[in-house]
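This report describes helix packing and nonpolar cores in one structure. The sequence and the model are shown first.

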Amino acid sequence: STLVAGAGTPPVGEFCVAELAAALRISTDAGRSLIAEAVELAHRLPQTWRRVRAGDLPAWRARRVARATIVLTREGAGYVDRHVAPFAHRVGLAQLDRLVEEALVRFEPDLADAR
């Protein structure tokens, strides 16, 4: 098992990645990204995930949020989730990047300085 998403998410068996990728006829890297984004949403972005499950938010938009938050701490991901979920249907990349940067400054100032 390996950690594919952010801190605090459950590990995923490496064979799962390969099996999903083969079933979807995509590369192993693309399969790993798909699983990572799904795990991130389900375990660290509950408000955004709730909107996807309700049919309120297209999965591609939620996956974009998940991709951006994987680098954050659990607290940082929660911060982004609370702030982006109500507007995720129209948030742009620049807005999302600013929000992730704000979370880094708040929860990981050393990493924010390094970036």
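## Contacts of Leu96

In this predicted model, Leu96 is in contact with Arg64, Val65, Ala68, Val80, Val84 and Val91, leaving aside its neighbours within four places in sequence.

## Packing of α4 and α6

Helix α4 spans residues 59–69 and helix α6 spans residues 93–107; their axes come within 10 Å and cross at roughly 35°. The crossing in which α4 passes α6 is right-handed.

On the α4 side, the residues that meet α6 are Arg64, Val65 and Ala68, and their counterparts in α6 are Leu93, Leu96 and Val100. Sorted by class, this contact has 5 nonpolar residues, 1 charged residue and no polar residues.

In soluble globular proteins, nonpolar side chains tend to be buried together. The largest nonpolar core here has 20 residues, of which Leu45, Val65, Leu72, Val80, Val84, Leu96 and Val100 touch the most other members. At least two residues of this core come from each of α4, α5 (74–84) and α6. The most are given by α6, with 5 residues.

## Buried residues of α5

Which residues of α5 are buried? They are Gly76, Ala77, Gly78, Tyr79, Val80, Asp81 and Val84.

Definitions and conventions
Residues numbered from 1 in each chain as written. Predicted model: local features only at pLDDT ≥ 70, side-chain atom pairs only at ≥ 80, totals over all residues. Heavy atoms only, no water. Axes fitted to C-alpha atoms, helices over the stretch in contact; angles between N-to-C directions. Helix = DSSP H or I, 4+ residues; strand = E, 2+ residues; numbered from the N terminus. Left-handed = near helix turned anticlockwise from the far one by under 90°. Contact = heavy atoms within 4.5 Å. Nonpolar A, V, L, I, M, F, W, Y, C, P; charged D, E, K, R; others polar. Core = buried A, V, L, I, M, F, W, Y, C linked by side-chain atoms within 4.5 Å. Buried < 20%, exposed > 50% of the residue type's maximum accessible area, 1.4 Å probe, protein only.
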